[in-house]
Amino acid sequence: MATVWSAAHRVELRRAIRHLRDRGLYAAAKWAAEQLVGLPEETSRNAGPPPAPYSDSEKTKLKRPSRRKDSTTQVGPGYAGSGNLREEDEEEDDDVLLLAKAFFDMREYRRAAHALRGSTGKKAFFLRCYATYLAGEKRKEEEIIELAGPLGRSDAVNPELVGLEQELFALYSKGALDAFGSYMYGVVLHERERKADACTVLCASVNAYPWNWSAWLELQALCTDPDILPTLNLNDHWMRDFFLASVDLDLQRNSDGLARYRALYALFPRSDHILAQTATAHYNLRDFDEAEGLFEELLRSDPYRIEGMDIYSNILYVKECFAALSHLAHKSVLTDKYRPETCCIIGNYYSLKAQHEKAVLYFKRALRLNRKYLSAWTLMGHEYVEMKNTPAAIDAYRRAVDINPRDYRAWYGLGQTYEILAMPYYALYYYRRATQLRPHDARMWCAMGQCYETEQLNMHDAAIRCYRRALSNSDREGIALHKLAKLHENLGQADQAAFYYRKNLERMEADQNEGQDFVDALLFLGNYCKNKGSLEEAEKFCDRLLDYGDPAKEDAKALLREIRSVQQHTANLPSMDLEQYTP
């Protein structure tokens with residue numbers, strides 16, 4: 001049964017690729033081609049009936065009209081060859097469409113739209129609307145460059161949206177738009193901030209033609225909240241599974257998204273797209289080793305791939321893999337120097353070398369190539385924080401939030417920046433937004449707990465709740481354990497402090513991490529056990545402290561003197577014979 005589905009998928013994707021390329025949706029066609037490569041070949045003749053071939057009407061639509069001029073096409077009195085006249089009209093329309101596509105491919109969008117002004121076919125209509133929209137986007141980008149401030153802020157809008165909305169609404173209200181026309185109308189409605197109407201129109205588009213990945217991505221951009229998904233009227237189709245998996249990653253429901261991609265991998269076992277998305281899910285879950293292995297496998301199968309490699313560079317940055325990140329940067333430059341992902345990879349490389357000015361330069365280059373490249377805005381904000389340029393960092397993070405309000409890294413960066421500025425109330429607001437987006441990320445809770453600890457807020461109970469929440473979400477760095485121990489110690493709650501100090505000590509011994517936190521835990525537990533009368537255990541903690549330098553060593557010696565004095569005093573006490581005091 002799986003083979004039958006695979007063959008059907010293959011035919012569907014081939015048709016989809018042809019339609020998408022005809023309409024200039026090259027990114028969507030590329031995505032569909034990747035899934036086509038990922039489908040397994042049919043292995044059994046008797047697996048089931050083959051998929052239905054093209055019908056005669058479909059063959060007629062797909063067949064390119066003949067260019068040969070026939071002598072019977074001349075018109076004269078009493079001429080009855082109307083069919084040949086129709087063929088000539090089709091030839092002329094086809095020629096105009098090819099000319100317009102040539103203009104479109106050369107990014108001469110207004111020329112493409114002008115060439116199609118009298119054409120009535122659905123392909124020509126879509127290409128004219130799409131070219132008009134892109135011409136407006138091009139003009140908007142020019143205005144941003146001409147009128148914007150230092151970081152590109154501008155109120156420029158696409159001047160073609162109003163006219164396109166009116167034209168498309170007139171056809172949509174009559175039910176005359178096909179799947180691609182509905183997609184174009186959904187894009188315009190989204191740009192006009194009519195999000196509810198855009199969802200309805202885009203759902204109709206993907207239901208009519210589910211293989212247009214561009215329409216799914218536009219619909220994904222509207223799903224800013226998990227509660228929106230149940231309201232979407234979507235047909236049951238395997239493309240819907242791709243969409244839901246992508247939305248799960250976007251909404252930081254990474255475990256659910258990973259499960260969906262694993263199910264899709266059974267149908268598309270050689271799909272690079274699924275492999276890249278699976279690696280991204282592991283990266284979001286902070287499983288860096290697994291994500292790194294998947295990206296390396298992806299590069300082995302597609303060594304000149306640039307898409308998604310900026311995430312791979314983030315992993316190498318976190319793991320401080322200088323050589324691997326340098327190799328990736330050089331390889332990306334040789335493959336495609338003028339890609340936002342390449343500039344981002346180089347920026348990460350310079351950031352790892354602590355050359356923050358050069359890193360900012362390359363992140364700005366990435367933004368010149370794509371003003372909505374989210375990673376560049378966020379990473380540039382991080383670099384400005386390192387350079388102590390807090391106003392520029394805040395501006396960069398706010399741009400990232402404007403592009404995608406679901407980017408937890410930007411909210412977290414804003415919180416850190418305002419914390420540096422000693423404005424804890426502002427920082428607390430942004431940390432709360434980050435924890436709402438990443439409720440299972442211990443780093444967000446630790447940051448909010450530290451904010452509650454500041455002198456201006458001094459809310460220790462709230463800080464303890466945050467650290468406990470971080471502890472329940474696998475705090476790998478051990479920040480929460482040490483903070484909880486310190487807070488309980490400062491509040492005079494010795495038993496709770498000893499509990500967390502012991503837990504932290506076990507974690508550091510397992511990780512072989514013997515830093516200052518390790519010394520603090522040994523010193524507190526030594527005093528705690530002495531006060532509780534567990535002198536032997538206290539002596540063990542002090543003996544371990546003697547391996548460290550001053551002042552921990554001196555504190556341990558003083559504590560040992562006290563312990564031995566108590567032990568000696570206890571040994572010298574005369575035994576009390578209670579019988580002699582019996583009346």
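Q: Which helices cover the buried residues of α15?
A: The cover over the buried residues of α15 includes α13 (272-284), α14 (288-301), α16, α17 (340-352), α19 (374-386) and α21 (408-420). Helices (H or I, at least four residues) and strands (E, at least two) are DSSP runs, numbered from the N terminus. Contact means heavy atoms within 4.5 Å.

Q: What kind of model is this, and how are residues numbered?
A: This is a predicted model, in which local features need pLDDT of at least 70 and side-chain atom pairs count only at pLDDT 80 or more, while totals for chains, interfaces and linings use all residues. Residues are numbered from 1 along each chain as its sequence is written, and side-chain values use heavy atoms, with hydrogens and water left out.

Q: Back to α15: how many of its residues are buried?
A: Eight of the ten residues of α15 (residues 309-318) are buried, and the helix is mostly covered. Buried means under 20% relative accessible area, exposed over 50%, and partly exposed in between (1.4 Å probe, protein chains only). The buried residues of α15 are Met-309, Asp-310, Ile-311, Tyr-312, Ser-313, Asn-314, Ile-315 and Leu-316.

Q: What follows α15?
A: Glu-320 follows α15, and its phi is positive, near 55°.

Q: Stepping back, how many helices and strands does the protein chain have?
A: The protein chain has 29 helices and zero strands. Of its 583 residues, 47% count as buried. Among contacts in the chain with a separation of 6 or more, 56% are between residues 24 or more positions apart.

Q: Which residues have the most contacts inside the largest nonpolar core?
A: They are Phe-295, Met-380, Leu-414 and Tyr-452, in a core of 102 residues. A nonpolar core is a set of buried Ala, Val, Leu, Ile, Met, Phe, Trp, Tyr and Cys residues joined through side-chain atoms within 4.5 Å. A second, separate core has 72 residues, including Tyr-130, Tyr-133, Val-201 and Phe-242.

Q: What does Leu-414 touch?
A: Leaving aside neighbours within four places in sequence, Leu-414 is in contact with Ile-394, Tyr-397, Arg-398, Val-401 and Tyr-430.

Q: How many cavities of 30 Å³ or more are there?
A: A search of the whole structure finds one, and the largest cavity has a volume of about 40 Å³. On a 1 Å grid over the protein atoms alone, a cavity is a set of points where a 1.4 Å probe fits but cannot get out; lining residues have an atom within 4 Å of a point. Grid points are joined across faces, edges and corners, and a volume is the space filled by probe spheres set on the points.

Q: Which helix gives the most to that lining?
A: Helix α16 (residues 322-335) does, with four residues. The lining consists of Leu-299, Pro-303, Tyr-304, Arg-305, Ile-306, Leu-328, Lys-331, Ser-332 and Thr-335.

Q: Is Ser-332 buried or exposed?
A: Ser-332 counts as buried because its relative accessibility is 3%. Ser-332 lies in helix α16 and touches Ile-306, Lys-337, Thr-342 and Ile-345, not counting residues up to four places away in sequence.

Q: Changing topic, which residues does UniProt list for "repeat: TPR"?
A: The unreviewed UniProt entry lists residues 340-373, 374-407 and 408-441. UniProt positions are given in the numbering used here, feature names are shortened, and annotations may be inferred rather than shown by experiment. In the model, residues 374-407 are 79% helix and 0% strand, with the end C-alpha atoms 8 Å apart. Residues 408-441 are 79% helix and 0% strand, with the end C-alpha atoms 10 Å apart.

Q: Where is Glu-193?
A: Glu-193 lies in the loop between α8 (179-191) and α9 (195-208). Its phi is near 65°, a positive value in a residue other than glycine. Glu-193 is exposed because its relative accessible area is 58%.

Q: And where is Leu-484?
A: Leu-484 is in helix α25 (residues 479-490). Leu-484 is buried, with a relative accessible area of 0%. Not counting residues up to four places away in sequence, Leu-484 touches Ile-464, Tyr-467, Arg-468, Leu-471 and Tyr-500.

Key:
1 Å grid on protein atoms, 1.4 Å probe; cavity = no way out; pocket = protein on both sides within 12 Å on 5 of 7 lines; lining within 4 Å.
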